[in-house]
Amino acid sequence: MAVNDAQRRSIRAQAISIGLAISPFGLAFGALCAESGIGVWEALGFSSIVFGGSSQFAAVSVLADDGTVIAAITAGLLLNLRSLAFGVSMAPSLKGSLLWRAGVSQLMIDESTAIGTSQGTHELRRYGYLWGGLSVFVLWNATTLIGVSVLSEAESLITDLGIDATIPAAFLGLIWNKLENAKHRAVAVIGAITALILIPITPAGIPVIAAASAIIWVRPWTIREGDNYE
Amino acid sequence: MSDAGLVVVLLGAGTYVLKALGPMYFGNRRELPSKFKKIALLLPTPLIAALVITSTFSSDNVITLDARIIGVIAAGIALWKKLPFVFVVVIAAFATALFRLFVV
């Protein structure tokens with residue numbers, strides 16, 4: 001029992017630190033909304049209903065560049081396809097009533113899955129998933145609110161303080177660790193070049209969606225089971 | 001409804017389906033085809049790399065070179081030095097702000 005308590009304590013610490021780590025990103029998302037003329041309620045709608053960091057940034061960036069609603073949704077959904085894989089890997093540890101499963105599914109994000117799947121038993125996996133998901137949910141929405149309300153009051157602050165540069169910086173931070181892997185590095189470079197070529201010649205949003213085609217070049221389906229490519 | 005509101009509702013609904021399909025439908029025994037898993041886990045990288053590019057260079061369908069590039073380079077150095085995420089973001093903003101203040 002004592003062992004279990006210690007593990008739970010360490011899971012809670014991990015969950016809270018991961019929540020704090022995403023907080024600047026939440027501020028940046030709020031700032032992006034403010035910069036793009038998106039109001040407080042819509043910003044909070046993104047952070048609570050969509051609740052998927054990179055897809056929120058992608059969708060709002062597309063809208064900010066005058067992209068269409070369809071392009072914004074497509075870019076966001078492509079980024080969230082991985083939730084399906086996360087859900088399948090967490091499902092055995094999240095058994096319960098229909099209502100319970102429907103509720104906890106909303107927390108299916110990178111951070112909750114990362115904490116959950118790194119635990120040894122179903123009970124601790126569920127514990128880690130819930131703590132990770134809730135910690136991020138609360139801090140993500142709180143920082144979104146601060147970002148959008150503080151910065152929509154003073155729009156020139158966004159460029160004066162260089163806040164517009166935090167968006168690409170945050171994206172770079174999201175993929176940085178993956179770039180150590182050759183396949184991820186290859187698709188990142190191909191995706192980036194694809195986007196750069198398409199910016200002047202396609203409507204906004206398309207460069208990001210088209211970048212997905214980069215994975216064809218590395219043929220991900222040939223990756224062997226057990227290869228560390230995540 | 002505003003465009004942003006529409007995106008919240010539709011992207012929110014689509015994302016929820018993706019999130020919930022595992023816990024709601026797949027049990028212990030059902031597995032996704034491993035091909036799909038491999039694609040789904042690799043896919044975010046090129047998309048996010050593209051977002052780095054569009055959020056650095058793009059404004060209204062034109063490639064724009066401005067102070068944001070300085071911020072992204074500073075962020076790259078901070079990441080390379082393995083600084084915590086908080087510092088990466090702050091350094092990017094700081095470098096960009098300084099550049100705007102003194103250079104352009």
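## Fold of chain A

In this predicted model, chain A holds 12 helices and 0 strands. Its order along the sequence is α-α-α-α-α-α-α-α-α-α-α-α.

The C-alpha trace of chain A spans about 60 × 45 × 35 Å along its principal axes.

## Packing of H6 and H7 in chain A

Two packed helices are described by the angle between their axes and the distance between the axes. Helix H6 of chain A covers residues 110–117 and helix H7 of chain A covers residues 122–153; they pack at an angle of about 155°, and their axes are 7 Å apart. Because angles over 145 degrees count as roughly antiparallel, H6(A) is roughly antiparallel to H7(A). The crossing of the pair H6(A) and H7(A) is right-handed.

On the side of H6(A), the contact is made by A:Glu111, A:Ser112, A:Thr113, A:Ile115, A:Gly116 and A:Thr117. H7(A) contributes A:Arg125, A:Gly128, A:Tyr129, A:Trp131, A:Gly132, A:Gly133 and A:Val136. Sorted by class, the contact of H6(A) with H7(A) has 7 polar, 4 nonpolar and 2 charged residues.

## Contact between chains A and B

Between the two chains, 89 residues of chain A are in contact with 70 residues of chain B. On the side of chain B that touches chain A, at least two residues each are supplied by helix H1 (3–25), helix H2 (34–42), helix H3 (44–57), strand S2 (62–63), helix H4 (68–80) and helix H5 (85–102) of chain B. H1(B) provides the largest share of this side, with 19 residues.

By class, the residues of chain B on the side that touches chain A divide into 43 nonpolar, 18 polar and 9 charged.

## Confidence

For the model, the scores are ipTM 0.84 and pTM 0.76. The average pLDDT of chain B is 87, and 92% of the residues score at least 70.

Among the elements of chain B, H4(B) has the highest mean pLDDT, 96. The lowest mean, 73, belongs to strand S1 of chain B, residues 58–59. H4(B) is also one of the elements that supply at least two residues of the side of chain B that touches chain A.

Methods
Residues are numbered from 1 along each chain as its sequence is written. Chains are lettered from A and ligands numbered from 1 in the order in which they are written. This is a predicted model: local features need pLDDT of at least 70, side-chain atom pairs count only at pLDDT 80 or more; totals for chains, interfaces and linings use all residues. Axes are lines fitted to C-alpha atoms, for helices over the stretch in contact, and angles run from 0 to 180 degrees between N-to-C directions. Helices (H or I, at least four residues) and strands (E, at least two) are DSSP runs, numbered from the N terminus. Angles under 35 degrees count as roughly parallel, over 145 as roughly antiparallel, 65 to 115 as roughly perpendicular and the rest as oblique. A crossing is left-handed if the near helix is turned anticlockwise from the far one by less than a right angle, and right-handed if clockwise. Two residues are in contact if their C-beta atoms, placed from the backbone, lie within 7 Å. Ala, Val, Leu, Ile, Met, Phe, Trp, Tyr, Cys and Pro count as nonpolar, Asp, Glu, Lys and Arg as charged, and the others, Gly among them, as polar. pLDDT is the predictor's confidence in each residue, from 0 to 100.
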